[in-house]
Amino acid sequence: MVRVSDFQVGKVYRMVLKPWDTPLGPGGDAEVIVRRILDPADDSNTAFIDGHAPQHVIESWRWFLRVQDIHGGSAHFLAPCTIDSATLVEPDTDE
C-alpha cells in the first residue's frame with residue numbers, strides 16, 4: 001500500500017494509477033501519470049476557491065499528496081490509495 005510518507009517533496013514520480021469503479025460499474029482504466037510532489041497542504045498554499053479553508057479541513061487534506069502536473073503546471077490532490085506503484089524519475093530523464 002502506498003503512503004504519503006513514501007514520497008519526497010520536490011521529486012518527480014511516474015505513477016501507475018489503479019483502475020477505478022463507480023457504483024454503476026467500471027469507471028476508468030489504469031493510467032500512468034508523471035507528477036512533482038509539492039509541500040503538504042497548509043494555510044499558505046491551499047484554500048477554497050472562495051477564500052480561506054478552516055484548519056480542520058487543511059489537516060484532513062494532509063492525508064492526500066499535493067502534486068503538480070509537470071507538463072501543464074496545475075496542482076491537485078491525489079489519494080495515495082489510488083496509486084498502484086510509483087517510480088522516482090531521474091532529473092535527466094525525458095518525459
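A salt bridge here is a side-chain nitrogen of Lys or Arg within 4 Å of a carboxyl oxygen of Asp or Glu. Keep that cut-off in mind for the views below, which all come from a predicted model.

**Figure 1. The whole chain, as a starting point.** Welcome to a protein chain with one helix and seven strands. Read from the N terminus, its elements follow the order β-β-β-β-α-β-β-β. The C-alpha trace spans about 40 × 35 × 25 Å along its principal axes. Of the 95 residues in the chain, 28% are buried. The chain exposes about 6,600 Å², with 54% of that area supplied by carbon and sulfur atoms. Among contacts between residues at least 6 apart in sequence, 55% join residues at least 24 apart.

**Figure 2. Asp 69, a buried charge in strand β5.** Asp 69 sits in strand β5. Although Asp 69 is buried, it has no salt bridge, and the nearest side chain of opposite charge, that of Arg 35, is 4.0 Å away. Beyond its neighbours within four places in sequence, Asp 69 is in contact with Val 34, Arg 35 and Ser 74.

**Figure 3. Arg 35, seen from the other side of the pair.** Here we move to strand β4, residues 31-37, where Arg 35 lies. Arg 35 is likewise buried without a salt bridge, and its nearest side chain of opposite charge is Asp 69, 4.0 Å away. With which side chain does the side chain of Arg 35 make a polar contact? Look for His 76, at 3.1 Å. Once neighbours within four places in sequence are set aside, the residues in contact with Arg 35 include Lys 11, Val 12, Tyr 13 and Met 15. Val 67, Gln 68, Asp 69, Ile 70 and His 76 are also among its contacts.

Figure 4. A polar atom of the Gln 68 side chain lies 3.2 Å from the backbone oxygen of Gly 73. Leaving out residues up to four places away in sequence, Gln 68 touches Val 34, Arg 35, Arg 36 and Leu 38, as well as Gly 73, Ser 74 and Ala 75. For a sense of scale, take Leu 17: it is 51 residues from Gln 68 along the chain, and their C-alpha atoms are separated by 15 Å.

**Figure 5. Ile 33, a buried residue of strand β4.** Strand β4 is also the place of Ile 33. Is Ile 33 buried or exposed? Ile 33 counts as buried because its relative accessibility is 8%, and the cut-off for buried is under 20%. Apart from neighbours within four places in sequence, Ile 33 is in contact with Tyr 13, Arg 14, Met 15, Leu 17 and Leu 78. Val 9 is 24 residues away from Ile 33 in sequence and 17 Å away in space, C-alpha to C-alpha.

**Figure 6. A salt bridge between Asp 6 and Arg 3.** How many salt bridges does a search of the whole structure find? The search finds one. In this view, the side chains of Asp 6 and Arg 3 meet in a salt bridge, with 3.5 Å from N to O. Asp 6 is partly exposed because its relative accessibility is 37%. Arg 3, at 48%, therefore counts as partly exposed too.

**Figure 7. A nonpolar patch on the surface.** Trp 63, Phe 64 and Phe 77 form this patch, and together they have about 350 Å² of accessible area. Trp 63 lies in the loop between α1 (55-61) and β5 (65-69). With 68% relative accessibility, Trp 63 counts as exposed, because exposed means over 50%.

**Figure 8. Thr 87 in strand β7.** Our last stop is strand β7, residues 83-88, where Thr 87 is found. Thr 87 has a relative accessible area of 47% and so is partly exposed. Which residues is Thr 87 in contact with, leaving aside neighbours within four places in sequence? They are Val 12, Tyr 13 and Arg 14. Thr 46 is 41 residues from Thr 87 in sequence and 26 Å from it in space, C-alpha to C-alpha.

Technical notes: Residues are numbered from 1 along each chain as its sequence is written. This is a predicted model: local features need pLDDT of at least 70, side-chain atom pairs count only at pLDDT 80 or more; totals for chains, interfaces and linings use all residues. Side-chain values use heavy atoms; hydrogens and water are left out. Patches are made of residues with over 30% relative accessible area and no salt bridge: like charges are joined within 9 Å, nonpolar side chains (Val, Leu, Ile, Met, Phe, Trp, Tyr) within 5 Å. Accessible areas come from the Shrake-Rupley method with a 1.4 Å probe; for residues, only the protein chains shown count as cover. Helices (H or I, at least four residues) and strands (E, at least two) are DSSP runs, numbered from the N terminus. Buried means under 20% relative accessible area, exposed over 50%, partly exposed in between (1.4 Å probe, protein chains only). Lys and Arg count as positive and Asp and Glu as negative; His and the chain ends are not counted. Contact means heavy atoms within 4.5 Å. A polar contact is a pair of N or O atoms within 3.5 Å; within protein, one must be able to donate a hydrogen and the other to accept it, and residues adjacent in sequence count only if both atoms are side-chain atoms.
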